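Me: I'd like to go through this structure with you, one question at a time. Could you keep it simple?

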Amino acid sequence: MRALPTTSVSKDAKPHNKGSFRRRRLVLIVLACFMCWAGVTLWNQVGKLNARSEKAALLEEKLKETQQDHEDAQREIARLNDPEYVEQKIRKELHYVKQGETLFYVPKEQK
């Protein structure tokens, strides 16, 4: 049997060449730059997202108001098909009177 040559290998074997240290430092610098860029981009996106959320909330509120106005207009259109309502509206807004009626104006009280 042959005896194998023994070599002492330390468990803390660190490469001592300068090239490996420089490569690691370069990778860390590139990684740090990337992380800074990603952080700034994320910060800007969060700001834009918040602005869009506020704008969307305002538009939703405006949509509800517009829908309410539309419903009111549809109700008014339906009522305008009734001759009694039309007569009442003409008498009130245009101060029309039927033949034989007298219209009296009452002055409003001054404050």
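**An aromatic pair and its surroundings**

Reply: Phe34 and Trp37 sit three residues apart in helix H1, so about one helical turn separates them. Helices here are DSSP runs of H or I with at least four residues, strands are runs of E with at least two, and both are numbered from the N terminus. Bear in mind that this is a predicted model, where local features need pLDDT of at least 70, side-chain atom pairs count only at pLDDT 80 or more, and totals for chains, interfaces and linings use all residues. Residues are numbered from 1 along each chain as its sequence is written, and side-chain values use heavy atoms, leaving out hydrogens and water.

Me: What kind of aromatic pair do Phe34 and Trp37 form?

Reply: Rings of Phe, Tyr and Trp (its six-membered ring) pair if their centres lie within 6.5 Å; planes under 30 degrees apart are stacked, over 60 edge-to-face, and the rest tilted. That rule gives a count of one aromatic pair. For Phe34 and Trp37, the centres are 5.8 Å apart and the planes make 35°, so the pair is tilted.

Me: Is Trp37 buried or exposed?

Reply: Buried means under 20% relative accessible area, exposed means over 50%, and partly exposed is in between (1.4 Å probe, protein chains only). Phe34, at 46%, is partly exposed. Trp37 has 54%, so it counts as exposed.

Me: Which residues form a nonpolar patch with Phe34 and Trp37?

Reply: Like charges are joined within 9 Å, and nonpolar side chains (Val, Leu, Ile, Met, Phe, Trp, Tyr) within 5 Å. Met35, found in helix H1 (residues 18-79), is exposed at 52%. The other members of the patch besides Phe34 and Trp37 are Leu28, Leu31 and Met35.

Me: How many of the twelve residues of H2 are buried?

Reply: H2 covers 83-94. H2 lies largely in the open, because the number of its residues that are buried is one.

Me: What is the phi of His95?

Reply: His95 is in the segment after helix H2 and is partly exposed, at 42% relative accessibility. Most residues other than glycine have a negative phi. His95 is not a glycine, yet its phi is positive, at about 60°.

Key
Patch = residues over 30% accessible without salt bridge, like charges linked within 9 Å, V, L, I, M, F, W, Y side chains within 5 Å. Areas by Shrake-Rupley, 256 points an atom, 1.4 Å probe, with all protein chains shown as cover. Salt bridge = Lys/Arg side-chain N within 4 Å of Asp/Glu carboxyl O.
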